[in-house]
Amino acid sequence: MTDVVLPCRNEAPALPGLLARMPAGYRPIVVDNGSTDGSAQVARACGAEVISVAEPGYGAAVHAGVLAADPGDGVVCVLDADGSFDPAQLPRLADPVRAGEAHLGTGRRRPTARGVWPLHARVANAVLAHRLRRTTGLDLHDIGPIRAVRRADLLALGLRDRRFGYPLELLIEAGRAGWRVVEVDVDYHPRAAGTRSKVTGTVLGTARAVRDMSAVLAR
């Protein structure tokens, strides 16, 4: 069984369709991070395990979900809960890790429609990815929110960021640890109707993410 951590804040409209597409052998753990739209209740009604995290922040939600995953050396995935990714593509990332070909599998977003990835967000991502390549030597092009890694390996990195800097800190520490990292193309769909991105949906959200990630790079 592969656990899938789904950090979630006000994603109720997306959850039924997303959870219904979870591939066989993948168990969703929805981490409710202060939702006010009944996301936790919707997730439970769909059969998902749900945990609640009071500390705000993407990194706080992901970390709590990883801790809640089955202990041991199994693979854990992380996937946004907004419907922008197809969980059926998770094996693309998890299989190389499970086979020992990589320590970390991460997704490179490929938009499926115009406007899915706003220009301001794509530019910010490209700048951060360029700085990441220069810092770590990893041949990566996306600081994306979909990944697969062995739980024990991830916890051993001792990641500290609990906000938007978490994905970048993971990649930096993976580079420092000499991990083999594979980047695979994944489809990037429009978010489910009725949901809104905390990062790419607004210039302010993107600016906050860049601020958090820049702080990680400056350490």
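Predicted model: local features only at pLDDT ≥ 70, side-chain atom pairs only at ≥ 80, totals over all residues.

User: Which residues touch the most other members in the largest nonpolar core?
Analyst: Val31, Leu104 and Trp179, out of 34 residues. A nonpolar core here is a set of buried Ala, Val, Leu, Ile, Met, Phe, Trp, Tyr and Cys residues joined through side-chain atoms within 4.5 Å. Buried means under 20% relative accessible area (1.4 Å probe, protein chains only).

User: And what other core is there?
Analyst: A second, separate core has 29 residues, including Leu6, Leu79, Val97 and Val116.

User: Switching to rings. How many aromatic pairs?
Analyst: Three. Rings of Phe, Tyr and Trp (its six-membered ring) pair if their centres lie within 6.5 Å; planes under 30 degrees apart are stacked, over 60 edge-to-face, the rest tilted.

User: How are tryptophan 117 and tyrosine 188 arranged?
Analyst: Edge-to-face, because their planes are at 80 degrees, with ring centres 5.7 Å apart.

User: Buried or exposed, that tryptophan 117?
Analyst: Tryptophan 117 is buried, at 9% relative accessibility. Tyrosine 188 is buried too, at 7%.

User: Which residues form the aromatic cluster?
Analyst: Phe85, Trp117 and Tyr188.

User: What sits over the ring of tyrosine 188?
Analyst: The charged end of arginine 109, 5.3 Å from the ring centre. The criterion is NZ of Lys or CZ of Arg within 6 Å of the ring centre and within 35 degrees of the ring normal.

Note on methods: Residues numbered from 1 in each chain as written. Heavy atoms only, no water. Buried < 20%, exposed > 50% of the residue type's maximum accessible area, 1.4 Å probe, protein only.
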